[in-house]
Amino acid sequence: KVLFDALRKLARQGMTILLVSHKLEDVEALCDRLTVLRQGRVAGEMGRPFDTERLLGWMFPAMPAPPVCSVVEPGRITLAMEGVLASGGRAGLRDCSVVIRQGEVVGLVGLEGSGQGLFLRLAAGLSRPEKGKIRIQRKPMTGRDHHAFKGLGVHFLPAARMEEGLIPGLSITEHFALQMGKGMMVPWREARERARERIARFRIVGNPASKAESLSGGNQQRLLLALMPGEPLILLLEHPTRGLDMESFRWVWRQLLGLAGSGASVVFSSAELDEVLEVADRVLVFFNGLVVRDVKTCDTTAGELGEAIAGRS
């Protein structure tokens with residue numbers, strides 16, 4: 001309130017104020033005119049009074065076809081959070097109680113920093129809650145480290161492939177050697193054989209000696225998937241197809257949906273509602289650190305999700 005009062009005072013003094021925001025309440029409280037940008041283009045412009053329905057239509061265009069309800073019944077509980085409170089990101093996470101089941105594909109949406117990234121890191125044991133409980137297959141995991149989660153079959157693929165997922169300067173073979181190595185001995189022959197086998201299976205454009213940073217974004221994502229354990233219990237992914245071409249997008253989702261069909265829980269964040277509605281069975285909407293909606297994709301629309309993302313649930 002103090003900030004906006006100051007900005008209005010500056011505007012009355014003749015200054016022009018430009019506000020960049022996804023929050024509709026901020027725009028309505030401060031702005032006289034708005035422009036919506038989507039994928040690098042102007043989707044629409046509007047002056048007061050603002051038409052919210054029209055505005056959301058510019059931000060989140062209607063899907064060409066409604067999503068198809070999954071006919072697969074989810075199985076036993078693989079991940080449970082109860083009343084989790086944690087700090088991190090822009091908004092942290094508050095009072096989060098969510099259950100994920102075997103075979104489910106669950107999409108996480110919200111403005112960047114609304115809590116979905118922290119949710120994935122808590123589920124992977126990379127962040128620890130200040131309050132609440134986390135269970136994997138009914139086993140108490142609150143406060144355990146990432147290695148304990150990995151030991152139960154929880155696997156995390158970060159959005160920052162080279163910053164968090166892969167190691168610059170190391171070859172594909174060296175990545176597998178790190179994964180396979182135990183004690184003081186490095187199993188170079190086995191690592192080279194696995195690298196060749198995974199390069200072929202995951203259609204990575206490269207060879208065992210290729211450095212990770214020399215691969216394209218799509219091939220880096222394929223390498224991250226190739227480094228996964230054979231049968232993950234829970235697969236957690238941040239923006240798994242960000243920056244990928246359509247062929248790589250479809251290939252990645254064929255692999256992930258195949259794992260879900262084999263019983264893995266697939267939980268992913270995405271900034272693209274059309275991707276979430278196309279592949280997910282359920283959607284969790286995060287706003288300001290809270291899960292404000294938990295709904296099946298066939299029971300919602302892009303417009304409804306857009307309203308929840310913008311704090312209008």
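**Entry 1: Val 84**

I clicked on Val 84 to begin with, and it is buried, with a relative accessible area of 0%. The model is a predicted one, so I am keeping that in mind throughout. Val 84 belongs to strand β3, which covers residues 77–86.

Next I asked which residues Val 84 is in contact with, once its neighbours within four places in sequence are left aside. The list holds Leu 93, Arg 94, Asp 95, Cys 96, Leu 122, Pro 129, Lys 131, Gly 132, Lys 133 and Ile 134. I followed up on Ile 134: it sits 50 residues from Val 84 along the chain, and the two C-alpha atoms are separated by 7.7 Å.

**Entry 2: the whole chain**

I zoomed out for the overall numbers. I find twelve helices and twelve strands in the protein. Along the principal axes, the C-alpha atoms fill a box of roughly 70 × 40 × 40 Å.

How much of the protein counts as buried? My note says 45% of the 313 residues. I also looked at contacts between residues at least 6 apart in sequence, and 59% of these join residues at least 24 apart.

For the surface, I have an accessible area of about 16400 Å², with 52% of it belonging to carbon and sulfur atoms. On charges, I wrote down 41 positive and 35 negative side chains. The centres of those two sets lie 4 Å apart.

**Entry 3: helix α9**

Is helix α9 mostly covered or mostly open? Mostly covered: this helix runs over residues 217–226, and nine of its ten residues are buried. I listed the buried ones as Gly 218, Asn 219, Gln 220, Gln 221, Arg 222, Leu 223, Leu 224, Leu 225 and Ala 226.

**Entry 4: aromatic pairs**

I searched the whole structure for aromatic pairs and got three. I followed up on two of them in detail.

One is Phe 119 with Phe 286, an edge-to-face pair with 5.8 Å centre to centre and 65° between the planes. Phe 119 lies in helix α4 (residues 116–123) and Phe 286 in strand β11 (residues 282–287), so this pair ties together parts that are 167 residues apart in sequence.

I went through the backbone next. Which two residues does a cis peptide bond join? They are Arg 48 and Pro 49, with omega at about -5°. Pro 49 lies in the loop between β2 (41–47) and α3 (52–59).

I also noted positive phi values in residues other than glycine. Arg 203 has phi near 55°. I found Arg 203 in the loop between α8 and α9. It is partly exposed, with a relative accessible area of 42%.

His 239 has a positive phi too, near 45°. This residue is in the loop between β9 (234–238) and α10. Is His 239 buried or exposed? I have it as buried, at a relative accessible area of 12%, since the cut-off for buried is under 20%.

**Entry 5: Glu 278**

My last stop was Glu 278, which is in helix α11 (residues 273–279). Leaving aside neighbours within four places in sequence, I get Phe 249 and Arg 250 as its contacts. I also noted the spacing to Cys 298, 20 residues away along the chain: the C-alpha atoms of Glu 278 and Cys 298 are separated by 10.0 Å.

Conventions
Residues numbered from 1 in each chain as written. Predicted model: local features only at pLDDT ≥ 70, side-chain atom pairs only at ≥ 80, totals over all residues. Heavy atoms only, no water. Helix = DSSP H or I, 4+ residues; strand = E, 2+ residues; numbered from the N terminus. Buried < 20%, exposed > 50% of the residue type's maximum accessible area, 1.4 Å probe, protein only. Contact = heavy atoms within 4.5 Å. Areas by Shrake-Rupley, 256 points an atom, 1.4 Å probe, with all protein chains shown as cover. Lys, Arg positive; Asp, Glu negative; His and termini not counted. Charge placed at Lys NZ, Arg CZ, Asp CG, Glu CD. Phe/Tyr/Trp six-rings, centres within 6.5 Å; stacked < 30°, edge-to-face > 60°.
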